[in-house]
Amino acid sequence: MASTLQVGELEIRPDEFRVYVAGRPLDLTARELSLLTALVEREGRIVSREELFDAVWQRPFRADDRSVDVYVRKLRAKLAGAAPDLNFIHTHFGFGYRLSPEPSHLFHNSATSR
């Protein structure tokens, strides 16, 4: 396993079970760390829920199991708390998830600006 994995402002030290965002430590559970590591190792490509489940849970995937989605939601919240100006994990509906740190953008239309 690599001693350090880095994608933009995100740094993972798997051997130390530590994660940093913009130099600040991020407190993750073991499962969240495993999921984030799996996404970082596949940076920039869309990864199916099944592939993530196999990599992290290491047991057969069931189509009705929402574990990946739940943990992605938890990771997003923690990453957003540490770096609100970046979106790290992107959903590709019907395909899976992609890790790629990109600036957050607020979109306003006439309905939301009233």
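1. Ground rules. The model is predicted, so local features need pLDDT of at least 70 and side-chain atom pairs count only at pLDDT 80 or more, while totals for chains, interfaces and linings use all residues. Residues are numbered from 1 along each chain as its sequence is written, and side-chain values use heavy atoms, with hydrogens and water left out.

2. The open sheet. Four strands make an open sheet, ordered β1-β2-β3-β4, with antiparallel pairing. Strands here are DSSP runs of E, at least two residues long; helices are runs of H or I, at least four; both are numbered from the N terminus. Two strands pair if DSSP finds at least two bridges between them.

3. Strand β3 (residues 18-21) joins β4 in the antiparallel sense, over three bridges. Look for Val19: Leu26 in β4 stands opposite.

4. Helices on the sheet. Helix α1 (residues 30-41) packs on the sheet and touches β1, β2 (10-13) and β3. Contact means heavy atoms within 4.5 Å. The direction of α1 makes about 115 degrees with that of β2. Angles run from 0 to 180 degrees between N-to-C directions; axes are lines fitted to C-alpha atoms, for helices over the stretch in contact. Helix α3 lies across β2, β3 and β4, and runs at about 165 degrees to β4.

5. Helix against helix. Two packed helices are described by the angle between their axes and the distance between the axes. For α2 (residues 49-56) and α3 (residues 67-82), the angle is about 85 degrees and the axes are 9 Å apart. The two are therefore roughly perpendicular; that term covers 65 to 115 degrees, with under 35 roughly parallel, over 145 roughly antiparallel and the rest oblique. Arg49, Leu52 and Phe53 in α2 meet Ser67, Val68 and Asp69 in α3. The residues of this contact are three nonpolar, one polar and two charged. Nonpolar takes in Ala, Val, Leu, Ile, Met, Phe, Trp, Tyr, Cys and Pro; charged takes in Asp, Glu, Lys and Arg; the others, Gly among them, are polar.

6. Helix α3 itself. It has 16 residues and reaches 23 Å from its first C-alpha to its last, close to the 22 Å expected at 1.5 Å a residue. The expected span is 1.5 Å times one less than the number of residues. Its buried residues are Ser67, Val68, Asp69, Val72, Leu75, Leu79 and Ala82. Buried means under 20% relative accessible area, exposed over 50%, partly exposed in between (1.4 Å probe, protein chains only). Ser67 has a relative accessible area of 18%. Not counting residues up to four places away in sequence, Ser67 touches Phe53 and Trp57.

7. The hairpin. Strands β5 (residues 86-92) and β6 (residues 96-103) pair in the antiparallel sense over six bridges. Ile89 faces Leu99 in β6. Three residues lie between the strands, and Gly94 takes a positive phi near 85 degrees.

8. Two loop residues to check. Most residues other than glycine have a negative phi. Phe17 has a positive phi of about 55 degrees. Phe17 sits in the loop between β2 and β3 and is exposed, at 66% relative accessible area. Ala22 also has a positive phi of about 55 degrees. Ala22 belongs to the loop between β3 and β4 and is partly exposed, at 36%.
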